[in-house]
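Subject: Structure handover

Dear colleague,

Please find below the structure that I am passing on to you.

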Amino acid sequence: MSEYKQVGIEDIISVMKKNSWRCDTKLMLKAYTYAKNKHGDQLRRSGEPYIIHPVQVAYTLATLELDENTICAALLHDVLEDTQTTKEELSKDFNQEVAEMVDGVTKLNKLSYVSVEEQQVENYRKMFLAMGKDIRVILIKLADRLHNMRTLKYLSRDRQIANATETMNLYAPLANRLGVYSLKWELEDLSFKYLYPEEYRELVEGIDKKREERLKFIDLILEQIRVELKKQKIDAEITGRAKHLYSIYRKMKRDNLTLDQIYDLFALRIIVNSIKDCYAALGVVHELYSPMPGRFKDYIAVPKPNLYQSLHTTLIGPKGTPFEVQIRTWDMHRIAEFGIAAHWAYKEKSFSSGRKANVKVEEDKLSWIRETLEWQKDMQDPEEFMQTLKKELFEDEVYVFTPKGAIKVLPKGSTPIDFAYQIHAEIGHHMVGCKINSKMMPIITPIKNGDIVEIITSDNSKGPSRDWLKIVKSSGAKNKISSWFKKNQREENIIKGKELIEKEIKKIGMKHEELFKPEFIGAALERYKYGSLDEMFASVGFGSISSGKIIARALEEYRKVHSEENLEKTLEELSKEKIHKNKPSQNGVVVKGIDNCLVKLSKCCNPVPGDEIIGYITKGRGVSVHRTDCVNMKSLITEDNRMIDVYWYQADTAAYNVDIEVYANDRVGLLADMIGEVGACKCKLIAVSSRATKEKIAVTDLTVEVMDIEQLNKVLKAIRKVDSVYEVKRKK
């Protein structure tokens, strides 16, 4: 059984009734009964009835004060994934809103351990599309992940590590970005527990040893502050809380400290009735204790982008022991715990009661979501997508001011260019210089917290430079610069795109009119969501997509209509070239139209027969052969005139070395078992190295000699069957 408190549908309804004077109890009971019947005898890994999981998820969301439609969607969130229920049935039995949320979460459930593979990136792309459509989908997913993390002990060690890694890398930062700290802290601590079990155990034991001593210290401080606030007639609630384990561990690692060197393991929280009382309470605590220089932060005057507001100060207590104090109003406290959920719930209550909401969530507070949706739309490269996503979730912000005192929040490392575009796109487009703190500075100067930035513009400006795209840090600035080039150089981009498409068609030996029939090129337009040919040409010319991808999709459709035999005849007729049988090189690769050419298999991706390959004409070193999915092809493909068709000769003429990486739970005899499987596949083992991490994960690198892709797949399959192995992949 789970170590966490089990709850039932009656607990959910009880919490919902406390949150709102009106809630649809019958609808929630119907959703509970529906989910229970649909899941039937299904069990979780813990052996518990499956219905316990959606009930726990719904309860978490009820404590965040979300509406009954969200609670129903939480109760039903796995029925599309794990039962025969359809979205149409849900919509009919409940409503469209509930069905859409369940459908959104179902798509997200397909997420697995983070990688840069294209399919994986598509799953993350779906997450942000779902978030943009209805923020509640992500809140359901976060609550779902929280309960899964609470019951992670029932999974195997490799799944624990995979789930905890994804939670630490994606879901905890998402909770932070949405300001839902009540979920963020627990997700981090649970991930920490499974990723670094030894460090977690040592930290818990170390804190427990001196817990009583620290509690006495906090009680003394609490009483002194309480008495002084009462004297000043400030109505306040004061509590002491232990800092979360992962935040302590992160501080120890960051500053290279031991637990004994960290004194502010506990923080005091003062909650008052007004902003005026916040600053009055700050004055009281600064009178009682000396503040540490440089450790005061005013998040009331300058709120965090995720809506968080509080005053933070670190003080020197009795015997020189530092401690932290947070001061906030009750409204700020609610937002600090619930984040975007608090604003969403408030909006619902305001409108359901017939009165206009008097608290407005500023649009720019959630602008990062809209910007994320903007930059991800046209991004085709998986690695670039993941890098930008990590930047959006993890990077710190800087707070800077306009000359009139308005605050702007930008990613750390931003320049005045980012600042200009955040004010307005036209300011950025006409920017010619800047002043930082009244001094003329280069526009690429990184701006720091508290800087006053003034942008100098000119009507004679020719617009942004393409180099700015490499300099700016914010997604908003990148979008606006890209849009400018797409709009203002549209004609040039269309012309350039047409030229690149023509080159690609010539490269495969075909004619434009043959491949550009509506039934063929239309498939490419549909695949990449272009409304017209000009839009596609402009995108190719701008560099949003390669000409190779467009032609590959059209050619795929062409080949459906023509058999391979007819295609060869057509190519012969179109090119009017006499076909001759090319001789293969020593490594079994044929270069189309060229004999006796020096051919080298690239070391970066180690292609073997069966892999899709492409040739690159090097300067003075013949043709370099790469896999079509090689990471280096992105930089090489830009020089279209240096790409050449190559293919494998249909004969077993050579052997090829391939590097394989294996992840497994470490155990005695593991390496011997893997080597045995390689031998059983009649493959030659060229090299092997293995190491074990402190989490008891064995990472093994193998180099094997194979004749073709079929033999390689046989080896990979055999190694995957070895006991304790949980991931086998070919190195790129």
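This is a predicted model: local features need pLDDT of at least 70, side-chain atom pairs count only at pLDDT 80 or more; totals for chains, interfaces and linings use all residues.

Residues are numbered from 1 along each chain as its sequence is written, and side-chain values use heavy atoms, with hydrogens and water left out.

Salt bridges

A salt bridge is taken here as a side-chain nitrogen of Lys or Arg within 4 Å of a carboxyl oxygen of Asp or Glu. The count by this rule is 17 salt bridges. One of them joins Arg250 to Glu188, with 3.8 Å between the closest N and O atoms. This pair links distant parts of the chain, since Arg250 belongs to helix α14 (residues 245-255) and Glu188 to helix α11 (residues 181-195), 62 residues apart. Helices (H or I, at least four residues) and strands (E, at least two) are DSSP runs, numbered from the N terminus.

For accessibility, buried means under 20% relative accessible area, exposed means over 50%, and partly exposed lies in between (1.4 Å probe, protein chains only). Arg250 is partly exposed at 35%, whereas Glu188 is buried at 6%.

Arg201 takes part in two of the pairs described here. Its closest N and O atoms are 2.8 Å apart in the salt bridge with Glu198 and 3.3 Å apart in the one with Glu205. Arg201 and Glu198 both lie in helix α12 (residues 197-209), 3 residues apart, or about one turn of the helix. Glu205 is also in helix α12, 4 residues from Arg201, again about one turn.

Strands and sheets

Strands of a sheet pair through backbone hydrogen bonds, either parallel or antiparallel. Two strands are said to pair if DSSP finds at least two bridges between them. In this model, 4 strands form an open sheet in the order β19-β20-β18-β21, with antiparallel pairing. β19 (684-692) and β21 (725-730) stand at the edges with a single partner strand each, so one side of each has no neighbour in the sheet. From one strand to the next, the twist averages 20 degrees.

Within this sheet, β19 pairs with strand β20 (residues 697-706) over 8 bridges in the antiparallel sense, and Val688 stands opposite Leu702 in β20. Helix α31 (residues 670-680) lies across β18 (656-665), β19, β20 and β21, and runs at about 20 degrees to β20. Axes are lines fitted to C-alpha atoms, for helices over the stretch in contact (heavy atoms within 4.5 Å), and angles run from 0 to 180 degrees between N-to-C directions.

Elsewhere, strand β7 (residues 397-401) and strand β8 (residues 407-411) run antiparallel and are joined by 5 bridges. Val398 has Leu410 in β8 as its bridge partner. The two strands β7 and β8 form a hairpin with 5 residues between them, and Gly405 in the turn has a positive phi of about 95 degrees.

A helix pair

Helix α1 (residues 9-19) packs with helix α4 (residues 68-75) at an angle of about 165 degrees, their axes being 12 Å apart. α1 and α4 are therefore roughly antiparallel (an angle over 145 degrees). Ile9, Ile12 and Met16 in α1 meet Glu68, Ile71 and Leu75 in α4.

With kind regards

How values were computed: Angles under 35 degrees count as roughly parallel, over 145 as roughly antiparallel, 65 to 115 as roughly perpendicular and the rest as oblique.
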